[in-house]
Amino acid sequence: MDRIMVKRVLMIAYHYPPLRGSSGIQRTLKFSQYLPEFDWEPLILTAHPRAYQSVTNDQLGDIPEQMIVRRAFALDTSKHLSIKGRYPGWLALPDRWVSWCFGAIPAGLHLIRQYRPDVIWSSYPIATAHLIALSLHRLTGIPWVADFRDPMTDLSYPPNPLTRRLYQWIEKKSVAHCAKAVCTTAGTIQLYEARFPQTQAARFSLIENGYDEENFASAAMGGATRPSGAGPFVLVHSGIIYPSERDPLHFFDALAELSQQGLISSKSLKVVLRASAHDRYLQTLIDRRKISHIVMLAPPIPYCDALSEMLSADGLLILQASNCNHQIPAKLYEYLRAGRPILALTDPVGNTAETLRNAGINTIAALDSKNDIMHMLQHFLTLARGNKAPVASLETIISNSRRSRTGELAKLLDQVLHEREGPLEFQTTGTMP
């Protein structure tokens with residue numbers, strides 16, 4: 001194809017198949033899958049699979065055969081550079097995958113010389129990805145779109161002060177040097193506008209997360225539908241449960257008290273926590289409250305199977321603490337598409353609750369209030385068992401598709417391309433950031 005007709009974007013992302021993941025991995029994967037439909041050719045720069053904690057082949061087939069994917073040298077400090085589980089803290093700054101820089105920057109320069117991309121795009125939550133993009137942008141002058149998704153820093157995040165200062169530096173440099181800073185919620189944009197008042201508001205753009213219809217179609221074909229009213233009500237939480245940002249302590253307290261009062265039992269309710277990534281912590285909480293007959297920790301399963309589980313569940317559970325009020329779990333959009341009743345335990349004034357209310361769903365309780373959860377859980381179960389629980393409208397569902405979100409990204413890339421003045425001169429040397 002004639003180079004004049006090709007628009008290319010170099011996409012830098014740690015989260016990419018064969019990394020085992022659920023909702024979080026889908027943003028980059030689906031952007032790269034659908035961008036060619038909008039006349040953009042993606043070049044993927046990701047980490048070598050050795051750096052991943054867990055791998056699976058179940059989504060490798062979603063990567064088009066013709067796509068250029070470069071897996072650069074990378075190590076996980078905790079796995080490869082530790083002795084008896086301990087390692088110097090500086091080997092994990094800004095994160096455990098900082099070694100990825102040593103492989104990705106040369107690999108990125110090689111891709112740039114070979115394919116001449118028009119834009120660089122990088123995606124958080126691995127801070128090293130933005131470091132790599134910042135370096136490549138400074139070395140070549142190619143405009144850069146920084147996909148922050150969520151805020152990089154907060155008053156107490158990251159918890160380690162040194163790590164937080166480095167994150168703040170990366171965040172500041174990224175906002176200063178990128179052509180566009182992309183966030184997934186309006187609340188995050190408002191936070192960044194206040195944090196960086198000297199930056200023009202036009203630099204911040206909103207591209208929310210979403211769901212993929214093709215994946216759901218496959219899940220519907222392969223999944224079994226659970227007969228209505230058969231056995232206990234199955235409430236599923238699919239994905240990571242962070243001990244701080246999604247701590248279910250008060251939810252477990254509510255379950256324990258309702259069980260003691262005889263209002264719920266193993267015959268009436270089964271809570272499935274799928275692929276929590278923190279099973280040891282959660283099992284301790286479960287055992288102390290003696291609710292193992294109600295709450296089950298379930299292992300990771302292939303992504304398509306996880307969607308099938310959502311489709312067949314009686315209800316779906318969202319956990320989001322008030323310290324994440326500017327964030328929306330990526331799985332929420334998949335929950336909306338699944339069309340099952342949703343119980344949201346989150347701050348009623350946060351972006352997650354606002355998104356649910358905009359979709360017509362009001363079964364929401366504060367994550368940090370046992371009494372609020374007890375009341376809403378009983379109300380939710382009554383509505384769901386009577387087929388009266390609110391679910392998202394078809395219009396809301398369609399607007400949240402990954403293909404639609406990719407169209408928004410393509411428009412943003414076009415804007416960045418058009419705003420660039422004059423032809424781009426690629427550099428082979430430059431000043432490192």
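**View 1. Burial of strand β11 (residues 315-320) in the predicted model**. Six of the six residues of β11 are buried, so the strand is largely enclosed by the rest of the structure. Buried means under 20% relative accessible area with a 1.4 Å probe, protein chains only; strands are DSSP runs of E with at least two residues, and helices are runs of H or I with at least four, numbered from the N terminus. G315, L317 and L319 point one way from β11, while L316, I318 and Q320 point the other way. Residues are numbered from 1 along each chain as its sequence is written, and side-chain values use heavy atoms, without hydrogens and water. The model is predicted: local features need pLDDT of at least 70 and side-chain atom pairs count only at pLDDT 80 or more, whereas totals for chains, interfaces and linings use all residues.

**View 2. Strands paired with β11**. Strand β8 (residues 233-238) runs parallel to β11 and is joined to it by two bridges; pairing requires at least two DSSP bridges between strands. V236 stands opposite L316. Five bridges join β11 to the parallel strand β12 (residues 342-346), where L345 is the bridge partner of L319. From β11 the chain crosses through helix α11 (residues 331-338) to β12 in a right-handed β-α-β crossover, that is, clockwise from the first strand over the helix to the second with the strands pointing away from the viewer.

**View 3. Packing of helices α3 (residues 100-115) and α4 (residues 127-140)**. The axes, lines fitted to C-alpha atoms over the stretch in contact, lie 10 Å apart at an angle of about 40°. Contact means heavy atoms within 4.5 Å. Residues of α3 including W100, I105 and L109 meet residues of α4, among them L131, L136 and T140.

Key: Buried means under 20% relative accessible area, exposed over 50%, partly exposed in between (1.4 Å probe, protein chains only). Axes are lines fitted to C-alpha atoms, for helices over the stretch in contact, and angles run from 0 to 180 degrees between N-to-C directions.
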